[in-house]
Amino acid sequence: MKRVVPLEKALDATIFGSKAVGLGQAIRDGLPVPPGVALSGAIVEAVAAGEQPAIREVAKWARPLGGPLAVRSSAMDEDGNAASFAGQHLTLLNVPSADELSAALSKIWWSANSDSAITYRKRVGLFTRPSVGVVVQALLDPEAAGVLFTKNPVTGADERVIEASWGLGEAVVAGIVIPDHYRLDRSGQVLERKPGLKRVAVRGVPGGGTVEEQVPAERVERLCLGDDQLQELNRLAGRCEQVYGLARDVEWAFASGTLYLLQCRAITKAGR
Amino acid sequence: MRGAPVKVLQRVPLFADLTRSEVQQIARLFKERRFAEGETVVQEGSGGAAFFVIESGEATVAIRGKKKTTLKADDYFGEIAMIDEGPRMATITATTELVCYGLTYWDFRPLVEANGVIGWKLLQRMAQMLRDAREG
């Protein structure tokens, strides 16, 4: 089914993938998700095959989002394996505009059909045709971003754990900085704040892609979240648990002073 | 442009017995794939998923770390992996921006399953290739 829908209308994880459906659910429940569209696996494949009607359709839907764009793979839920494709399928940040989208979608389609992805699929016992949905959103230019665990992923304690750094959250997710580390109890009481070593910030660059920008020396060990922001994150943790259930792993960003939810999934056994 | 160049596919031994029209059917299934300079195209020992034809650019072929040859426009690799998804025999690395056309196992298989004539010709050609290999 070659379809593009607003994120909030992405209902079927076998068509649009788990990330798209999860974010759609978040929007329907009033969580602060950046605007975006969900692309079905079939239309991603059609774009990768160079089909002009599909390319035009995708560009038409993406154009109102402006630019730059965050283009994220949204793995199909195949026998509960969607989460484990996170490392296999590509995410492309800072695609300059809707006109450059087809090249980005081609890369994502191939990431799901690459040698390593196919080898991985065989290892987990999947012998079906790979398909990957895509989420296209306006790319934020965050002051700070990171991850939030609604329950301690290491000790299992009933507390919030937040890891944060300057700029895009990829600096935290990819492990290229030692992020600030915070622990809060459920009431929002701060139990621990430990500054990290944030020598670089990941930022979008004009023309596409991202760059690791040097952080000024005085900000390297300065905490990037204040009390108000920690309280907002604690409230977001509570809302995510109401919507999705307990023990969530949340990616978030503060851009222009507003908190956004970028992704919410179950905490895996090994943490992240 | 959609699909791989037919004239290149007609040089692939596996497709030697196919008519131009049959090769055209296969050519249409290819999708463009671009690699950046320095990017690993395929890794020796890794499971293979697709057959590639080079449209433009260059890549080096290395086996156990030793460079063997250079690939350029109209060269191709991985046609057997497209059938069995078996391990790659060499590491191929793009030395310039590389534009390829790739055909995956999952795109090729339905065509062969639906077209017994193509399937039989491929089988005969593979039998011949096996004989040639045995005879050294």
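**Exercises on the strands of chain A**

Chain A holds an open sheet of five strands in the order 1-2-5-3-4, with antiparallel pairing. Strands are DSSP runs of E of at least two residues, and helices are runs of H or I of at least four, both numbered from the N terminus. Two strands pair if DSSP finds at least two bridges between them.

This is a predicted model, in which local features need pLDDT of at least 70, side-chain atom pairs count only at pLDDT 80 or more, and totals for chains, interfaces and linings use all residues. Residues are numbered from 1 along each chain as its sequence is written, while chains are lettered from A and ligands numbered from 1 in the order in which they are written.

**Exercise 1.** Find which strands are the edge strands of this sheet.

*Solution.*
1. Read the order of the sheet: 1-2-5-3-4.
2. Look for strands that pair on one side only: these are strand 1 (4-6) and strand 4 (91-95) of chain A.
3. Check strand 4 of chain A: strand 3 (residues 69-75) of chain A pairs with it in the antiparallel sense over three bridges.
4. Locate one partner pair: A:Leu69 has A:Val95 in strand 4 of chain A as its bridge partner.

**Exercise 2.** Describe the pairing and the burial of strand 7 of chain A.

*Solution.*
1. Strand 6 (residues 144-149) of chain A is joined to strand 7 of chain A by six bridges, running antiparallel.
2. In strand 7 of chain A, A:Ser165 is the bridge partner of A:Ala145.
3. Five bridges join strand 7 to strand 8 (residues 180-184) of chain A, also antiparallel.
4. In strand 8 of chain A, A:Leu184 is the bridge partner of A:Arg160.
5. Seven of the seven residues of strand 7 (residues 160-166) of chain A are buried (20 or more other C-beta atoms within 10 Å of a residue's own, with C-beta atoms placed from the backbone).

Key. Buried ≥ 20, exposed ≤ 12 C-beta atoms within 10 Å, placed from the backbone.
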